[in-house]
Amino acid sequence: MLRYSLRRLASAIPTLFLLITVAFFLIRIAPGGPFDSERALPPEIEANLAAKYHLDEPLVFQYARYLWQIARLDLGPSFHYLDWTVNDLILQGAPISFTLGILALVIALVLGVAIGAWAALRQNRPADYTVMSFAMIGISIPNFVMAPLLILLFAITLGWLPAGGWEYSPSRMALPVVTLALPMIAYIARITRGSMIEVLHSSYIRTVRAKGMPEKEVILRHALKPALLPVISYLGPAAAAILTGSVVVERIFTIPGIGTYFVQGALNRDYTLVMGVVILYGIIIILFNFLVDLLYAWLDPRIRYDDGEAEA
Amino acid sequence: MTEPTRDAFEQALDTREIRGRSLYVDAWHRLLKNKAAVVGLVVLAIMIVLVLVGPMLSQWDHEIPDWDHYSTPPSLETGHLFGTDAIGRDLFVRTMIGGQISLLVGLLATLVSLIIGVTYGAVAGYLGGRADNIMMRFVDAVYAMPFMFFVILLMVVFGRNIFLIFLAIGAINWLDMARIVRGQTLSLKNKDFVEAARACGATEAQVIRRHIIPNLLGVVIVYVTLTIPQVILVESFLSFLGLGVQEPLTSWGALVNEGAQELETAPWSLMFPAGFLAVTLFAFNFLGDGLRDALDPKDRL
C-alpha cells in the first residue's frame, strides 16, 4: 500500500510539470501584458518594469527562472496587485474557497447518499420517480442560474439572507454553499441509487436476507459499502466541479476567494497570479484523484494495489 | 425478370437490410417506450424549430432597441412577449438568437471533440500494446488538469471569437470520448466474431468497417447526446463570465449574465433565458439517459 502510494504520488510530478509548462506558455502567448494601461507609460518606465520582472529576457529563460522559483515554493510577486506576492494572495483567498467547497462537499455526500439509497429502496415507485426527477432538474440547472434564482427568492423577495459579501457566518455562507452543493447532491443521489439497486439485486444480498438478517442490517452492513464505490470515484470530478463552481459562486456572491483571482488575473494578464492558481488547482485535483484510488483500495479488497506482492 | 417479381425481390432485399441492422431498430423501439426520452426528443425538436423560426416571426430585431420601452415586463400590448432589457432590446428575439448560438456551439464543439476523440481512441485501441500505453498515458496526464481553467486561458489568449469557442471546448473535451472509444475498440478487437471474420479472410479495412465501427456507433451516439449539454453548459459558463460570445451576438449564458445584473428591477430578463437553457439541458439529459438504456441492454435491470 505504501509503495503504491509513493509510486502514485511520484507519477503526479510529470502531470504537474506538463500543467505548469502548458499554462506558462499559453498565458505568455496572450496578446497584451501586465503593465498595459489606458495611459501609455513612457518607454523608459516600461523598460524598467520589464527589467525588474525579467520580462525582457527570452521566454525560455523566464520559464527556467519560474521553474526554479516554484521549486522553492515561491510563486513570485503579483503583477497586478503590486506589493502583494502570489503566495500572500492565495493564502488569503484559499481558506475562504476551501471552507465553502468542503462544506458543500460534505453536505452533498451526506444528503446525496441518503437520498439515493432511499430512492433505491423504493425502486420504480412514485417516491423514487419524484426524487429522481428532482435530481435531474438539479443536474440540469447550471449554478450560474441557480445562484441568481436563490438570491431572488431568499435575499430579495423573502429578505432572509444577505445577497452577497463575505464573513465566516452561517447566513453569509448559506446561499453560496447551497448553490455549490445542489447539483452535487443530485449527481451523488443518482449514482448511489443506480449502484444500490445493482447491489440489492446481487446474490449475496439474497443469501444474507435468506439467513434472516433484519433488513436494516442488510442495508447498512452489507449493501451500502459496495454501493458507495461509484460515489467515491465521483469525488475526483466533484473536486473539479467545486473548483469551477467556485469561480461562478464567488463572482455572484462577491466573495474574495481564489476563483475570483483566477478570472481577474487572466483578464489583467497577471501572469504569476494565474499560474499560482492553476498550480494550486492542479495539485488539488491530483490529490483528490489520489485519495479516490486509496479509498477504493480500502473499500474493495479485490483492488489492492500491491505491485504483485501478496498483501496480508 | 418481370417487373412485379423484381419489385418483390427488391422489397425482400430491403427488409433484409432492415433485419441486418436490427440492433438499432430494436434500440429505437426501446427508446420510444421510454416516456422521458420521448419527451426530451420532442422538446428538443420544438426548441430547435422555435429558435430558428422565432426571430423571423417577431417584428423586433435582436440588436435594435425599441426606444419607447426600456426594461418593460412581458406584455402582449407592447408586442414584447418576454419584455425588454435595460436598453430596450426585445428579449424574445434575443433569447431565440441566443438559443441559436448556444445550440450551434454545442453541436459544433461536440463534433470537434467527436472527431478527435474517436480517431484517437480507435487508433489507440486498435494498435494496442506500447502505442496504446503511451497514447493513454498522455490522456491521463491531460485529464488530471483543471479543464475549465484551460478553456478560460484559451479564451483569454485567442480573443473572444465564436469559432474559437467551440474549437477550444472541443479540443479539450475529447478525452472522455477517446477513453470510451479506446476501451470499446480494445474489447471488440478480441471478440470471437472479429476472429471469425479474419479467419474467413476479411481484410483489416473490412474488419474495421463492418465490425468495429458499427459496434462503436451505439456508445458514440449516447456519448454525443450527453456531451452536447455539457458543451452548452461550458459555453454558457464562459459567456456568463464575459469570456464567451460578444455583443451584438448573444447566447443563453450571456443573457443569464445580463439578467442576473438586473435581478431586482427586471427579473424576467433572467427568467426567460434561464428557463430555456435549463429546459434544453434537461431534455438532452433525459434523451441521453434513454439512449443509453436503449442501446445498452446490459445495463437494464
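# Close-up views of chains A and B

View 1. Once neighbours within four places in sequence are set aside, Ile152(B) is in contact with Val263(A) and Ala266(A) of the partner chain, and with Leu243(B) of its own chain. In this predicted model, Ile152(B) is also listed, together with Ile188(A), Val151(B) and Val256(B), among the residues with the most contacts inside the largest nonpolar core, which has 156 residues. Helix α8(A) gives the most to this core, contributing 17 residues. In soluble globular proteins, nonpolar side chains tend to be buried together.

**View 2. Helix α12(A) and the elements around it.** Helix α12 of chain A spans residues 258–268, and eight of its 11 residues are buried, so the helix is largely enclosed by the rest of the structure. The buried residues are Ile258(A), Gly259(A), Thr260(A), Tyr261(A), Phe262(A), Val263(A), Gly265(A) and Ala266(A). Within chain A, these buried residues pack against α5 (86–120), α11 (229–252) and α13 (271–299), and they pack as well against α6 of chain B. Two of the buried residues, Val263(A) and Ala266(A), are contacts of Ile152(B). After the helix comes Arg269(A), whose phi is positive, near 55°.

**View 3. The side of chain B that touches chain A.** The contact between the chains takes 38 residues from chain A and 30 residues from chain B. On the chain B side, the elements that give two or more residues are α6 (147–158), α10 (204–240), α11 (252–261) and α12 (268–295). Of these, α12(B) supplies the largest share, amounting to eight residues. Sorted by class, this side of chain B has 27 nonpolar residues, two polar residues and one charged residue.

**View 4. The crossing of α7(A) and α8(A).** Helix α7 (residues 143–157) and helix α8 (residues 170–200) of chain A pack with their axes 10 Å apart and at an angle of about 135°, which makes α7(A) oblique to α8(A). The crossing of the two helices is right-handed. From α7(A), the residues that meet the other helix are Asn143(A), Met146(A), Ala147(A), Leu150(A), Ile151(A) and Phe154(A), while α8(A) brings Leu175(A), Val178(A), Thr179(A), Leu180(A), Leu182(A) and Pro183(A). By class, this contact has 10 nonpolar and two polar residues, and no charged residues. An α-helix has 3.6 residues a turn, so residues three or four places apart point the same way.

**View 5. Arg182(B) within helix α8 of chain B.** Arg182(B) lies in helix α8 of chain B, which runs over residues 174–189. Because 25 other C-beta atoms lie within 10 Å, Arg182(B) is buried. Not counting residues up to four places away in sequence, Arg182(B) touches Gly121(B), Ala124(B), Gly125(B) and Met136(B). The C-alpha atoms of Arg182(B) and Asp132(B) are separated by 8.7 Å, although the two residues are 50 residues apart along the chain.

**View 6. Chain A as the setting for the views of its helices.** Chain A has 13 helices and zero strands, and its C-alpha atoms fill a box of roughly 85 × 60 × 30 Å along the principal axes. Of its 312 residues, 37% count as buried. Among the contacts in chain A with a separation of 6 or more, 75% are accounted for by residues 24 or more positions apart.

Key. Residues are numbered from 1 along each chain as its sequence is written. Chains are lettered from A and ligands numbered from 1 in the order in which they are written. This is a predicted model: local features need pLDDT of at least 70, side-chain atom pairs count only at pLDDT 80 or more; totals for chains, interfaces and linings use all residues. Helices (H or I, at least four residues) and strands (E, at least two) are DSSP runs, numbered from the N terminus. A residue is buried if 20 or more other C-beta atoms lie within 10 Å of its own, exposed if 12 or fewer, and partly exposed in between; C-beta atoms are placed from the backbone. Two residues are in contact if their C-beta atoms, placed from the backbone, lie within 7 Å. Ala, Val, Leu, Ile, Met, Phe, Trp, Tyr, Cys and Pro count as nonpolar, Asp, Glu, Lys and Arg as charged, and the others, Gly among them, as polar. Axes are lines fitted to C-alpha atoms, for helices over the stretch in contact, and angles run from 0 to 180 degrees between N-to-C directions. Angles under 35 degrees count as roughly parallel, over 145 as roughly antiparallel, 65 to 115 as roughly perpendicular and the rest as oblique. A crossing is left-handed if the near helix is turned anticlockwise from the far one by less than a right angle, and right-handed if clockwise. A nonpolar core is a set of buried Ala, Val, Leu, Ile, Met, Phe, Trp, Tyr and Cys residues joined through C-beta atoms within 7 Å.
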